[in-house]
Amino acid sequence: FGYFNVNQWFKLFDSMVKPILCYGSHIWGYKYSTEIEFVQHSFCSRFLGVKNSTNSCIVLGECGRLPLCVNYYKNCIKYWCKLLTMEDHRYPKRCYFMLKSFDNIGRITWATHIKNLLFTYGFGYVLISHEIGDTNSFIRVFRKRLIDCFTQDWHRSVTESSRCYHYK
């Protein structure tokens, strides 16, 4: 990995690779992508000099990294907030309301996935009221909730995995 230090390598990843991996995630970012997460896992494994088969929670933990889904889930919700604050005559907002009406009759749409994402992380009340208040504050709180949930999952994975016995 040459003459870069740790921070430079991760800045390089965050500035060059992550934007490519998360491109368009405001549309597709409602579901977990193992392929995208694998790219970060491979990068971190190579950086640490361990096999690609090393447990993901160990690799991300040693590098102090969060799963990339924190970014693409946040991008999706950020776009949803942008749709809510648009004027009603704008086409993207009209399309959202159309998708929402399809969701109400049982079809699975982008709006369905956004609803599931919000309810999964405890923000269903925002969907019901359509009142997000300050968008930037809401996005920060949503991202913090994602980080908290993934941190808890990481601790659980390390504790419960037999492959992490020595890592603990």
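Let's sort residues first: Ala, Val, Leu, Ile, Met, Phe, Trp, Tyr, Cys and Pro count as nonpolar, Asp, Glu, Lys and Arg as charged, and the others, Gly among them, as polar. By that scheme, the lining of the largest pocket has nine nonpolar, nine polar and four charged residues. Keep in mind that this is a predicted model, where local features need pLDDT of at least 70 and side-chain atom pairs count only at pLDDT 80 or more, while totals for chains, interfaces and linings use all residues. Numbering starts from 1 along each chain as its sequence is written, and side-chain values use heavy atoms, with hydrogens and water left out.

Back to that pocket: it holds about 430 Å³ of space. On a 1 Å grid over the protein atoms alone, where a 1.4 Å probe is used, a pocket is an open set of points with protein on both sides within 12 Å along at least five of seven lines, and lining residues have an atom within 4 Å of a point. The volume is the space filled by probe spheres set on the points, which are joined across faces, edges and corners. Of the 22 lining residues, Ser56, Cys57, Leu60, Pro67 and Trp154 are the closest to the centre of the pocket. Helices here are DSSP runs (H or I, at least four residues), numbered from the N terminus. H3 (34-48), H4 (56-63) and H9 (135-160) each supply at least two residues of the lining, and H9 gives the most, with six.

Now for the inside. A nonpolar core is a set of buried Ala, Val, Leu, Ile, Met, Phe, Trp, Tyr and Cys residues joined through side-chain atoms within 4.5 Å, and buried means under 20% relative accessible area (1.4 Å probe, protein chains only). The largest such core has 40 residues, and Tyr73, Ile77, Trp80, Leu118, Phe138 and Phe142 have the most contacts inside it. Among the elements that give two or more residues to this core are H1 (6-21), H5 (69-85) and H7 (110-120); H5 gives the most, with 10. Phe142 touches Tyr73, Lys74, Ile77, Leu117, Leu118, Tyr121 and Phe123, leaving aside residues up to four places away in sequence; contact means heavy atoms within 4.5 Å.

Not counting residues up to four places away in sequence, Cys76 touches Ser25, His26, Ile27, Gly29, Tyr30, Trp110, Ile114 and Leu117. The C-alpha atoms of Cys76 and Trp28 are separated by 7.6 Å, though the two are 48 residues apart along the chain. Asn71, also in H5, counts as buried because its relative accessible area is 14%.

Definitions and conventions
Buried < 20%, exposed > 50% of the residue type's maximum accessible area, 1.4 Å probe, protein only.
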